[in-house]
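Here's a quick briefing to get you started with this structure. Have a look at the sequence and the model, then read on.

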Amino acid sequence: MARINDNFLKLPGSYLFSEVGKRRRAYIEAHPEAEVISLGIGDVTLPLTPTAVEALKRGADEMSRAETFRGYGPEQGYAFLREAIAAVDYAERGISIDPDEIFISDGSKSDTGNIGDIFAAENKVAVCDPVYPVYVDTNAMAGRAGSYDPATGKWDNLIYVPGTADNDFVPGVPDLRGKNAPDLIYLCFPNNPTGTVATKAQLKAWVDYALENDAVILFDGAYEAYITDPEIPHSIYEIPGADECAIEFRSFSKNAGFTGLRCSFTVIPKKLKVGGVSLNALWNRRHSTKFNGTPYIVQLAAASVYTPEGRAQTQALVDHYLVNAGIIRSGLAEAGYKVWGGVNSPYVWLKTPGNMSSWEFFDYLLNELNIVGTPGSGFGPAGAGYFRLTGFGSRENTIKAVERIKGR
Ligand code: MLT
């Protein structure tokens with residue numbers, strides 16, 4: 001008799017952004033005249049850069065001719081893209097990463113979700129709270145999270161490291177010993193959802209902890225392009241020793257607008273070993289078995305991001321969203337909200353007014369002001385009473401949304 005993976009049955013409700021989308025669609029159906037502004041899911045609104053579009057067209061052209069047609073590519077990604085990443089994202093920052101330590105993929109959501117395949121179910125997992133829900137849900141699916149308690153909003157086998165107003169939503173390394181000692185630690189900076197960033201000293205504390213305790217850090221750097229402060233590290237590998245304890249995930253979604261195109265990469269240094277086994281070799285085995293490579297034309301477009309024109313045009317996209325985030329941050333602050341993020345990040349995190357719960361505030365914004373955001377409690381129990389807005393909307397809608405909020 002077939003049996004399902006009953007860990008799936010332990011998952012509460014639906015995935016956060018599916019729920020937000022469902023409520024948004026229901027409202028629009030019931031109020032077709034409403035001009036609803038979406039600042040919920042972190043999806044980009046500007047088109048691809050001319051350089052990326054040109055690369056896609058060139059790729060399509062190559063695929064249309066027998067002499068230049070390509071079938072399956074290397075599962076790990078084409079050398080031209082892996083070399084560009086190693087040269088620009090790492091060597092230019094003084095970090096030595098070999099192209100064969102880079103695995104091209106179809107998105108950081110997939111990569112951060114799939115990475116659990118190479119780790120035993122017995123690993124103890126720590127997540128910051130609030131947290132990008134993919135880390136939690138995929139560990140629950142793998143049986144690493146234990147049972148979900150709806151009363152606390154927590155999984156009983158996960159270690160939650162709370163981000164709070166007191167630590168400005170940058171949780172430090174807590175006392176993690178004995179049964180509370182994690183083997184796998186998910187970190188995301190600039191942070192989703194709070195928009196906060198970690199200093200070198202703050203990341204060093206995590207790296208030192210991981211090295212001392214044989215833990216592995218899973219570092220999500222999907223929002224790295226938004227860092228403008230020269231003191232803030234762009235990569236975990238700027239921290240000495242991180243190449244022996246950390247995996248890094250990067251994405252083309254939020255910098256180059258590839259949310260619909262799909263391209264990302266995962267860096268696993270060859271020095272990184274668990275029990276003497278190379279994680280690079282394990283992931284290579286997993287990736288080449290379960291993945292047949294990101295489309296050639298998409299990898300061409302990703303490589304175009306590293307050309308001089310591509311870099312300038314990509315930076316212009318990021319700058320645009322950063323200005324939007326700044327408009328939201330300053331507008332909300334003027335309206336009396338307590339805010340975090342919006343600087344070095346496309347996300348603005350705010351305290352809901354009064355004693356409103358995150359979902360009450362969601363309903364208020366949607367029903368009264370026709371604005372969609374994301375309830376903080378959807379990112380974990382420490383997000384309760386908080387809310388996230390994104391700078392990824394159009395400039396016009398961003399200004400309109402802020403005016404609606406300030407008008408109240
Ligand atoms: C978000 O809104 O948190 C992100 O868009 C989700 C994602 O990148 O998958």
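Among contacts in the protein chain between residues at least 6 apart in sequence, 74% link residues that sit at least 24 apart. Keep in mind that this is a predicted model. In it, the protein chain has 12 helices and 17 strands. Its radius of gyration is 21 Å, close to the 22 Å that the globule rule gives for 408 residues, so the chain is as compact as a globular protein of that length.

**Overall build**

- Along its principal axes, the C-alpha trace of the protein chain spans about 60 × 55 × 55 Å.
- Of the chain's 408 residues, 54% count as buried.

- Strands of a sheet pair through backbone hydrogen bonds, and they can run either parallel or antiparallel.
- For a look at one pairing, take strand 9 (residues 246-251) and strand 10 (residues 264-267), which pair in the antiparallel sense over 4 bridges.
- Arg-250 has its bridge partner in strand 10, namely Phe-265.

**Helices 10 and 12, side by side**

- Two packed helices are described by the angle between their axes and the distance between the axes.
- Helix 10 (residues 308-334) packs against helix 12 (residues 395-406) at an angle of about 5 degrees, with the axes 9 Å apart.
- The two helices, helix 10 and helix 12, are therefore roughly parallel to each other.
- On the helix 10 side, the residues that meet helix 12 include His-320, Val-323, Ile-327 and Leu-332.
- On the helix 12 side, Arg-395, Ile-399, Val-402 and Ile-405 are among the residues that meet helix 10.

**Helix 5, tucked away**

- In helix 5 (residues 133-141), 7 of the 9 residues are buried, so this helix is largely enclosed by the rest of the structure.
- Which residues of helix 5 are buried? They are Pro-133, Val-134, Tyr-135, Val-136, Thr-138, Asn-139 and Ala-140.
- Just after helix 5 comes Gly-143, which takes a positive phi of about 85 degrees.

How values were computed:
Residues are numbered from 1 along each chain as its sequence is written. This is a predicted model: local features need pLDDT of at least 70, side-chain atom pairs count only at pLDDT 80 or more; totals for chains, interfaces and linings use all residues. Side-chain values use heavy atoms; hydrogens and water are left out. Two strands pair if DSSP finds at least two bridges between them. The radius of gyration is taken over C-alpha atoms; the globule rule is 2.2 Å times the number of residues to the power 0.38. Buried means under 20% relative accessible area, exposed over 50%, partly exposed in between (1.4 Å probe, protein chains only). Contact means heavy atoms within 4.5 Å. Axes are lines fitted to C-alpha atoms, for helices over the stretch in contact, and angles run from 0 to 180 degrees between N-to-C directions. Angles under 35 degrees count as roughly parallel, over 145 as roughly antiparallel, 65 to 115 as roughly perpendicular and the rest as oblique.
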